[in-house]
Amino acid sequence: MSAPASEDRHDGRRAAVLAIDTATSRVVLGLATPRGDAIGLSWFPADHRHGEHLLASIGRLLGENNVRRSRLRGIVVGTGPGAFTGLRVGIATAKGLAHALQIPIAGVPTADALIAAAARTGEVPASRIVLLLPAGPNDRVVVRRGMPPRLLPGGAEPPLGDDDVLVAVDLDGRAPAGAVRRGERARDDFGLELLRLGAQRLGSGDPDDLASLVPEYVTLPRGVAATTGEVAWSPALR
């Protein structure tokens, strides 16, 4: 699905930033000005077919918004937490584009953008949001702003304070209905927050190094065993 995020059309010569996120059940793409003002947004169901559709969808988004690849000034990519295959395809694609176009890349935790999106209404501050994401068929991941993601074993519930608000993404039937509804609302603004946070990173003059940018996996490749309760970072897989 595609939707223009701005009525400000241009002739393809204006600089832009491309965002890619493949950490959830939706592949989210976005275009923004280097300041983070959204130009266009698109998403499609991942359905374990990221590699088949991602590049074509990027090309379609660029074409629909009349943005030339040569005018891209940076790539933003969501780093998870998320499943191994989706993150691997998304980050490899983002790195490939950044390398080919010789432009900077900035990784943004998907969880940070989802929490920021959930807080956009102003009803609940980001500091009170507890985000839940799936980690395979039984386990879940719990994320709070400014804290590393933690695996939550099947059957366990996240510890919540009196003022905490639960937001669940991709957990229909595995989280309270209210949390799932808040997660769906957060999805609506997720692309905008990914672009905003990514543009901030790129604009800071401190982009990521292509070789060291890594995702946060919540499910490991076949044959690799988890050794702790923390989300496994890809350096541990080397």
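This is a predicted model: local features need pLDDT of at least 70, side-chain atom pairs count only at pLDDT 80 or more; totals for chains, interfaces and linings use all residues.
Two residues are in contact when heavy atoms of theirs lie within 4.5 Å, and this sense of the word is kept in the legends below.

View 1. Among the contacts with a separation of 6 or more, 64% are accounted for by residues 24 or more positions apart.

**View 2. The largest nonpolar core and the surroundings of L194.** In soluble globular proteins, nonpolar side chains tend to be buried together. Here the largest nonpolar core has 34 residues, and the members that touch the most others are V76, I129, L131 and L194. When neighbours within four places in sequence are left aside, L194 is in contact with A19, I20, D21, V76, G78, V108 and A113. Another core, of 25 residues, lies apart from the largest one, and L31, L62, V67 and V77 are among its members.

**View 3. The largest pocket and the residues that line it.** The largest pocket holds about 460 Å³ of space. Its lining is made up of 23 residues, and those that lie nearest the centre of the pocket are A23, T24, S25, H48 and A83. Two or more lining residues come from each of the elements β4 (38-45), α2 (84-101) and β7 (129-135), and the largest share, three residues, is given by α2. Sorted by class, the lining has 10 nonpolar, 10 polar and three charged residues.

**View 4. V27 in strand β3.** V27 lies in strand β3, and V27 counts as buried because its relative accessible area is 0%. Although V27 and F44 are 17 residues apart in sequence, their C-alpha atoms are 5.4 Å apart in space. Beyond its neighbours within four places in sequence, V27 is in contact with D21, T22, S42, W43, F44, A46, H50 and L54.

View 5. T33 is found in the loop between β3 (26-32) and β4. The relative accessibility of T33 is 12%, and T33 therefore counts as buried, since that term applies under 20%. With neighbours within four places in sequence left aside, the residues in contact with T33 are R14, A15, V17 and I39.

How values were computed
Residues are numbered from 1 along each chain as its sequence is written. Side-chain values use heavy atoms; hydrogens and water are left out. A nonpolar core is a set of buried Ala, Val, Leu, Ile, Met, Phe, Trp, Tyr and Cys residues joined through side-chain atoms within 4.5 Å. Buried means under 20% relative accessible area, exposed over 50%, partly exposed in between (1.4 Å probe, protein chains only). On a 1 Å grid over the protein atoms alone, a cavity is a set of points where a 1.4 Å probe fits but cannot get out, and a pocket is an open set with protein on both sides within 12 Å along at least five of seven lines; lining residues have an atom within 4 Å of a point. Grid points are joined across faces, edges and corners, and a volume is the space filled by probe spheres set on the points. Helices (H or I, at least four residues) and strands (E, at least two) are DSSP runs, numbered from the N terminus. Ala, Val, Leu, Ile, Met, Phe, Trp, Tyr, Cys and Pro count as nonpolar, Asp, Glu, Lys and Arg as charged, and the others, Gly among them, as polar.
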